[in-house]
Amino acid sequence: MARTKSSSRWLQEHFDDPYVLKAQKEGWRSRAIYKLQELDEKDHLFKSGMVVVDLGAAPGGWSQWAAHQVGHLGEVFALDILPVEPYAGVRFIQGDFRDDDVYQALVDALAGRDVDLVMSDMAPNMSGNKAVDIPRAMYLVELTVALADQVLKQGGNVLMKVFQGEGYEALLAQLKTKYTKVLTRKPKASRPRSKEIYLLGINKK
């Protein structure tokens with residue numbers, strides 16, 4: 001199948017990307033790790049012994065960083081439709097967390113533990129049509145918020161990728177009723193032309 005101009009441009013950007021090259025050199029699974037690393041350094045997301053849920057974890061870069069930060073006393077529960085290679089300190093559940101059985105598998109795996117952080121770097125497959133892409137992305141965000149409502153302990157945090165557009169202001173207002181503070185972040189490792197930003201809800205009420 002012939003490549004489109006946009007896919008060819010993405011491949012060129014990907015292989016020339018200094019964060020991709022750095023991740024390969026340092027042994028991380030994806031360039032996305034540097035977004036989380038910057039957010040962690042700025043907002044102190046992780047502490048030793050924390051329990052973390054990572055949604056849309058594949059290929060596993062965020063889970064890698066989280067496991068490294070929470071140490072052997074902590075645990076990371078990673079979910080994705082795609083398979084993820086095993087990594088020490090990460091318990092992976094494959095499946096769509098929108099499905100009741102996958103959600104129940106997470107609840108069973110947590111076994112009553114308090115979750116300190118729910119994080120999501122999920123995004124839908126982008127079509128380039130904002131009228132389609134923004135609602136799809138917002139749906140994933142809403143699912144993340146709903147999961148955090150269920151499993152996150154009081155005082156816990158949620159971190160998620162969002163795309164500004166229809167529904168964003170309503171989401172922001174909703175989060176402010178659930179968390180003491182809501183911060184907006186745009187890490188340097190986010191590609192400049194990407195419309196993604198990250199919302200961090202601090203201290204669940």
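Colleague: Which residue in β2 does D54 stand opposite?

Modeller: D54 stands opposite a residue in β2, in a model that is predicted. D54 itself lies in strand β1, which covers residues 51-55, and V52 of that strand stands opposite V76 in β2. The residue opposite D54 is A78.

Colleague: Do β1 and β2 run parallel or antiparallel, and how many bridges join them?

Modeller: β2 covers residues 75-80. The two strands run parallel, and the number of bridges that join β1 to β2 is five.

Colleague: Why does D54 count as buried?

Modeller: A residue is called buried when its relative accessible area is under 20%. D54 has contacts beyond its neighbours within four places in sequence, among them W62, F77 and M119. D54 counts as buried because its relative accessibility is 1%.

Colleague: Which residues of β1 point the same way as D54?

Modeller: In a regular strand, side chains alternate between the two faces of the sheet. V51, V53 and L55 point one way from β1, and all of them are buried. Pointing the other way, together with D54, is V52.

Colleague: How many residues of β1 are buried, and how many of β2?

Modeller: β1 is largely enclosed by the rest of the structure, because five of its five residues are buried. β2 is mostly covered, and its buried residues number five of six.

Colleague: What length does helix α6 reach from its first C-alpha to its last?

Modeller: Helix α6 spans residues 130-151 and has 22 residues. At 1.5 Å a residue, 32 Å would be expected. The length reached is close to that value, at 31 Å.

Colleague: At roughly what angle do the axes of α5 and α6 cross?

Modeller: Two packed helices are described by the angle between their axes and the distance between the axes. Helix α5 covers residues 100-110, and its axis comes within 12 Å of that of α6. The crossing of α5 and α6 is right-handed. The angle is roughly 35°.

How values were computed
Residues are numbered from 1 along each chain as its sequence is written. This is a predicted model: local features need pLDDT of at least 70, side-chain atom pairs count only at pLDDT 80 or more; totals for chains, interfaces and linings use all residues. Side-chain values use heavy atoms; hydrogens and water are left out. Helices (H or I, at least four residues) and strands (E, at least two) are DSSP runs, numbered from the N terminus. The expected span of a helix is 1.5 Å times one less than its number of residues. Axes are lines fitted to C-alpha atoms, for helices over the stretch in contact, and angles run from 0 to 180 degrees between N-to-C directions. A crossing is left-handed if the near helix is turned anticlockwise from the far one by less than a right angle, and right-handed if clockwise. Buried means under 20% relative accessible area, exposed over 50%, partly exposed in between (1.4 Å probe, protein chains only). Contact means heavy atoms within 4.5 Å. Two strands pair if DSSP finds at least two bridges between them.
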